[in-house]
Amino acid sequence: MHKKIFAVLVSAYASLASIGVVYADQQLTPIPKISNEWSFELTPYLWLPSISSTLSYKDQYINTADLSMNNVVSNLKSGAMIAGEVRYGNWGMMADMVTATLQKTSNTPVTPAPGQTFTVANKATLQETILTGAVTYNLLNNQNANLDGLLGVRWIGVTASLNLVVDGTSTALSDSKAMSTVDPIVGFKGRYRIADSTWYVPFYADIGSGGGTTNLTWQAMAGIGKTIEKWIDVSLIYRGLYYDMDSSKTNGQGLLQKTTFQGPQLSATFRF
C-alpha cells in the first residue's frame, strides 16, 4: 500500500515538474512586451562584410575595387560596432554605429637604371564611419511578432589617404581626400517568433535618398536568433548596405560612388 502511495506521489511530482518546465519555457519569449515603462537595449556586434566599390572620375565610371571578407579582416587596423535602443510605450529611439579603419602597407622594389635599386613604401588607409539614428513607433505586437516603423537619418563619412616614401631618400608623397553625407531614411524592423519557441527571425530594412551627395541608399538584414534569458539574446544575420553617390556633387573627388557592403553579423543583445 505504501509503495503504491509513494509511486503515485512520485508520478504526481514528476507531472508537476514537467508542467513547471513547460510553463517556464512559455514565459521566456523573444517578443518584447509593449508597456508604459522605460526599457533599454544594448547590442555589441561583429559585422564582417565584403566590400565592392565602383569609383568615378569626371562622371565616368573607371574602376571597381573588391575586398573579400578575408581581405577586410587582414587589413583591419581598428573598429567598433554597437547599436542601442530606448523605448517607452509605443515610441522609441534607436542608434547604430559602425566605424572601421583599413590599412594596407607594401614595399615595392624599383630599378630606374642599371645598378640602381630602391624601395617604395606604400601605405594606404581608409577610415569609414556610418551612423544611423531613427525614431520608432510600434505597429504590431502580439505573442508571435513585433513590428516597428522607423523614420530617421544616416550619416557616412569617408577619409582615404595614401603615403609613398622612397627608402633611403627624403622623397615622400602624401594625398588625402574626405567626404561625408547625411540622408533621410524610412523603414521598418522587428522579429517573428518561430513555433512558440525562444527562437526568432530578426529583420530590418530601410531606404533613403535626397540628402547631400546620395542618389540612393538602402540597408537590409535578416537571420536567426535565440533568447537565452529575459535579459539577453544572440543572433546571426546577413546584412547588406548600399550607397549610390552622385559624382556631380562630389566636387571631382572621385571617392566612393556605388558601394555595397554585405556579409554575416554576430550580435548579442542585452536588455535592461
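# The pocket, the salt bridges and a surface patch

Biologist: By class, how many nonpolar, polar and charged residues does the lining of the largest pocket have?

Modeller: This is a predicted model, in which local features need pLDDT of at least 70 and side-chain atom pairs count only at pLDDT 80 or more, while totals for chains, interfaces and linings use all residues. Residues are numbered from 1 along each chain as its sequence is written, and side-chain values use heavy atoms, with hydrogens and water left out. With Gly taken as polar and Ala, Cys and Pro as nonpolar, the lining of the largest pocket comes to 13 charged, 16 polar and 20 nonpolar residues.

Biologist: Which residues lie nearest the centre of the largest pocket?

Modeller: The pocket is an open set of points on a 1 Å grid where a 1.4 Å probe fits, with protein on both sides within 12 Å along at least five of seven lines, and lining residues have an atom within 4 Å of a point. The space in the largest pocket is about 1200 Å³, and strand S1 gives the largest share of its lining, 6 residues. Of the 49 residues in that lining, those nearest the centre are Glu-41, Glu-85, Arg-191, Thr-269 and Arg-271.

Biologist: What pattern does the chain follow along the sequence?

Modeller: Helices (H or I, at least four residues) and strands (E, at least two) are taken as DSSP runs, and the chain has 2 helices and 12 strands. Read from one end of the sequence to the other, the pattern is α-β-β-β-α-β-β-β-β-β-β-β-β-β.

Biologist: Arg-87 and Asp-148 meet in a salt bridge, but at what N to O distance?

Modeller: A salt bridge puts a side-chain nitrogen of Lys or Arg within 4 Å of a carboxyl oxygen of Asp or Glu, and the whole structure has 8 of them. Arg-87 belongs to strand S4 and Asp-148 to strand S7 (residues 145-166), so this pair ties together parts 61 residues apart in sequence. Both Arg-87 and Asp-148 are buried, and together with Glu-85 and Lys-189 they are linked in a network of salt bridges. The N to O distance between Arg-87 and Asp-148 is 2.5 Å.

Biologist: Asp-96 forms a salt bridge with which residue?

Modeller: The closest N and O atoms of this pair, Asp-96 and Arg-239, are 3.2 Å apart. It links strand S5 (residues 91-113), which holds Asp-96, to strand S11 (residues 232-245), 143 residues away. Asp-96 counts as buried (under 20% relative accessible area, with exposed over 50% and partly exposed in between) because its relative accessibility is 12%.

Biologist: Is Arg-271 buried or partly exposed, and why?

Modeller: Arg-271 forms a salt bridge with Asp-233, the closest N and O atoms being 2.6 Å apart. Asp-233 lies in strand S11 and Arg-271 in strand S12 (residues 256-271), 38 residues apart. Asp-233 is buried, its relative accessible area being 0%, whereas Arg-271, because its relative accessibility is 22%, counts as partly exposed.

Biologist: Which element gives the largest share of the nonpolar patch?

Modeller: Trp-38, Phe-40, Leu-42, Ile-82, Tyr-88 and Phe-272 form this surface patch, whose residues have about 650 Å² of accessible area together. Patch residues have over 30% relative accessible area and no salt bridge, with nonpolar side chains joined within 5 Å and like charges within 9 Å, and areas come from the Shrake-Rupley method with a 1.4 Å probe. The largest share, 3 residues, comes from S1.

Technical notes. Points joined across faces, edges and corners; volume = space filled by probe spheres on them. Buried < 20%, exposed > 50% of the residue type's maximum accessible area, 1.4 Å probe, protein only.
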